[in-house]
Amino acid sequence: MKLEQRKTDKSRMDGYLTGKLLVANPFLEDTNFMQSVIYVCGHDANGAIGLTINKPLSDLTVKNLFTQLRIESPFEMEGVIVHYGGPTEMNRGFVLHTTDYNAETTVVINDHFAVTSTLEILRAIAQGTGPEDFCICLGYIGWTAGQLDQEIQENGWIVVDSNTGLVFDSCLKTKWRDSFATIGVDPSILTFEIGHA
């Protein structure tokens, strides 16, 4: 499933869990996704695609990324993080951002979030003309038809509503707990059976 396949009027993407956050259940056994918070960029009958928004790449800074891409910036870009978006196509970049930036290649997800995956947005960010809030990710997570639904049914993920404060402003170290807090849940008291009737 590709983002560009789901473009509709004004590039808006609607359906299923699109625009929601997936928060890893404390008992999720896959170490790749332990305590992950994932923004669902698209979800329909064909599958789903998402970006992890709380896992920084420790070995790659924005400054180094811009150098590799030959993007010049008058700013230091201190504090801007490159995130591990997911294990698929790690050499491909995505920027999850607010809708104040909207290029021809931008895919609008809803009233608050959009995704752009071209160098154009990185150049805009480098020059200070990009979106107000953004999350730069390398790689993404993809699910085949019905796979995400099955993982949720098996208690791999808790689904919560997203908001710009939680996605862009929340501290990376606390984003997982902050996500649970939006539904009034302390993850330390969850049991393996949560979600089963």
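Is Val 167 buried or exposed, and what is its relative accessible area? Val 167 is buried, with a relative accessible area of 3%; here buried means under 20% relative accessible area, exposed means over 50%, and partly exposed lies in between (1.4 Å probe, protein chains only).

## Basis of the report

The model is predicted, so local features need pLDDT of at least 70 and side-chain atom pairs count only at pLDDT 80 or more, while totals for chains, interfaces and linings use all residues. Residues are numbered from 1 along each chain as its sequence is written, and side-chain values use heavy atoms, with hydrogens and water left out.

## Confidence

The term pLDDT denotes the predictor's confidence in each residue, from 0 to 100. The protein chain has a mean pLDDT of 88, and 89% of its residues reach 70 or more. Over residues 4–12 the pLDDT is below 50; beyond near neighbours in sequence, this stretch has 22 contacts in the model, a contact being heavy atoms within 4.5 Å.

## Surroundings of Val 167

Val 167 belongs to helix α4 (residues 164–169). Helices (H or I, at least four residues) and strands (E, at least two) are DSSP runs, numbered from the N terminus. Apart from neighbours within four places in sequence, Val 167 is in contact with Leu 21, Tyr 39, Ile 53, Leu 96, Phe 113, Ser 162 and Lys 175. Ile 53 is 114 residues from Val 167 along the chain, yet their C-alpha atoms are separated by 7.1 Å.

## Aromatic pairs

A pair of aromatic rings is described by the distance of the centres and the angle of the planes. Rings of Phe, Tyr and Trp (its six-membered ring) pair if their centres lie within 6.5 Å; planes under 30 degrees apart count as stacked, over 60 as edge-to-face and the rest as tilted. The structure holds five aromatic pairs. In one of them, the ring centres of Tyr 39 and Phe 113 are 4.8 Å apart and the planes stand at 45°, so the pair is tilted. Tyr 39 lies in strand β2 and Phe 113 in the loop between β7 (107–108) and β8, so this pair ties together parts that are 74 residues apart in sequence. Tyr 39 is buried, with a relative accessible area of 0%, and Phe 113 is buried as well, at 1%.

The rings of Phe 94 and Tyr 140 have their centres 5.5 Å apart and their planes at 80°, so the pair is edge-to-face. This pair links distant parts of the chain, with Phe 94 in strand β6 and Tyr 140 in strand β9, 46 residues apart. Both Phe 94 and Tyr 140 are buried. Tyr 39 also belongs to one aromatic cluster with Phe 113 and Phe 168.

## Helix α2

Within helix α2 (residues 119–126), the residues Ile 121, Leu 122, Ala 124, Ile 125 and Ala 126 are buried. These buried residues pack against α1 (62–68), β6 (88–97), β8 (114–116) and β9 (134–144). After α2 comes Gly 128, whose phi is positive, near 80°.

## Asn 25 and the cysteines

Asn 25 is placed in the loop between β1 (20–24) and β2 (37–44). This residue, Asn 25, is buried, with a relative accessible area of 2%.

A disulfide is a pair of cysteine sulfur atoms within 2.5 Å. By this rule, the count of disulfides is zero. Cys 137 is in no disulfide, and the nearest cysteine sulfur, that of Cys 135, is 3.7 Å away. Cys 137 is buried, with a relative accessible area of 0%, whereas Cys 171 is partly exposed, at 41%.
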